[in-house]
Amino acid sequence: FPVTICGPSMYLGESIGGSVYRSLYDLVGVLVAGASRPGKSSFLNHLLCGLMSSYSPDEVRFALLDFKAGLELGEYRNTRYCGLYGEGKGDFALFASDLREIAAFRLSEFRGRARDIREYNALPDVPKFPYWLLVVDEFANVVQEVGKSSFQQFADWASRYAALGIHTILSTQRPSVDVVPGVLKANLPTRICFPVATQVDSEVILDRPGGEALGVPGRALMVD
């Protein structure tokens with residue numbers, strides 16, 4: 001993947017117009033949703049493996065939450081890229097505390113010198129900060145375990161931490177307003193919809209129909 005002036009880039013897939021890339025700098029927050037087994041977990045693994053094969057841990061790091069008992073993202077736990085990892089309610093408070101500590105340290109370093117990670121990393125004679133990717137596999141499980149307070153918490157992380165180089169990707173197979181309310185969607189402007197069962201599900205994810213007509217697993221619609 002190319003390293004641009006906006007930092008590391010991710011390959012998202014192929015479209016009619018060709019290959020689709022997005023820089024981490026431009027991805028404030030991402031919602032990945034669809035029915036069961038349409039390709040969401042494969043897509044997340046594709047993103048993580050692609051970043052690991054293209055960038056060093058000095059350029060990109062992962063903060064992973066896997067409330068499926070570690071079945072989806074657990075294999076990344078012992079890599080040098082995975083700086084934070086949690087797989088249950090007991091881990092969540094410590095995970096959140098560590099993430100806030102990382103953000104607070106970066107904010108103190110940026111203050112008076114840079115407005116965001118791109119400006120900071122362009123400064124001479126400063127240690128470069130890696131981009132962090134906060135990935136949650138099955139956000140519905142987080143809501144079930146942690147409660148609805150998680151909506152505002154993740155919305156705050158997505159909106160406030162992006163400038164610090166900490167970017168959020170939430171994945172769910174339950175695209176309903178009970179799991180993806182408006183306050184959360186407003187802070188996840190990039191939305192990727194894999195095949196869903198109904199038009200209502202598509203409208204929850206994309207604010208428009210279309211996801212119900214995708215049919216084949218692996219196909220997706222994206223708005224950003």
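**Close-up 1. Lys40 and its contacts in a predicted model.** Lys40 is in contact with Val32, Ala33, Gly34, Ala35, Ser171, Thr172, Gln173 and Phe194, leaving aside its neighbours within four places in sequence. The model shown here is predicted. Lys40 has its place in helix α1, which covers residues 40-54. The residue is buried, yet Lys40 has no salt bridge. Glu138 is the nearest side chain of opposite charge, and it is 5.8 Å away. A salt bridge needs the side-chain nitrogen within 4 Å of a carboxyl oxygen.

**Close-up 2. The two ends of helix α4.** Helix α4 runs over residues 139-146. At its start, a side-chain oxygen of Glu138 reaches to within 3.0 Å of the backbone nitrogen of Ala140. Gly147 follows α4. The phi of Gly147 is positive, near 105 degrees.

**Close-up 3. The buried side of helix α4.** Phe139, Ala140, Val142 and Val143 are the buried residues of α4. They cover an arc of only 160 degrees around the axis, so they sit on the same side of α4. These buried residues pack against several elements. The helices among them are α2 (89-110), α5 (149-161) and α6 (182-185). The strands are β7 and β8 (166-172).

**Close-up 4. The aromatic pair of Phe139 and Phe154.** The whole structure holds 13 aromatic pairs. Phe139 and Phe154 form one that is edge-to-face. Their centres are 5.2 Å apart, with 85 degrees between the planes. Phe139 lies in helix α4 and Phe154 in helix α5, so the pair ties together parts that are 15 residues apart in sequence. Phe139 counts as buried because its relative accessibility is 2%, under the 20% cut-off. Phe154 counts as buried too, at 1% relative accessibility.

**Close-up 5. The ring cluster around this pair.** Ring pairs link Phe139 and Phe154 into a cluster with Phe92, Phe151, Trp157 and Tyr161. Phe139 is also one of the buried residues of α4.

**Close-up 6. Pro124 in an exposed loop position.** Pro124 is found in the loop between α3 (117-121) and β7 (131-137). Pro124 is exposed because its relative accessible area is 62%, over the 50% cut-off. Val20 is 104 residues from Pro124 in sequence. In space, the two are 32 Å apart, C-alpha to C-alpha.

Conventions. Residues are numbered from 1 along each chain as its sequence is written. This is a predicted model: local features need pLDDT of at least 70, side-chain atom pairs count only at pLDDT 80 or more; totals for chains, interfaces and linings use all residues. Side-chain values use heavy atoms; hydrogens and water are left out. Helices (H or I, at least four residues) and strands (E, at least two) are DSSP runs, numbered from the N terminus. Buried means under 20% relative accessible area, exposed over 50%, partly exposed in between (1.4 Å probe, protein chains only). The arc is that of the directions from the helix axis to the C-beta atoms. Contact means heavy atoms within 4.5 Å. A polar contact is a pair of N or O atoms within 3.5 Å; within protein, one must be able to donate a hydrogen and the other to accept it, and residues adjacent in sequence count only if both atoms are side-chain atoms. Lys and Arg count as positive and Asp and Glu as negative; His and the chain ends are not counted. Rings of Phe, Tyr and Trp (its six-membered ring) pair if their centres lie within 6.5 Å; planes under 30 degrees apart count as stacked, over 60 as edge-to-face and the rest as tilted.
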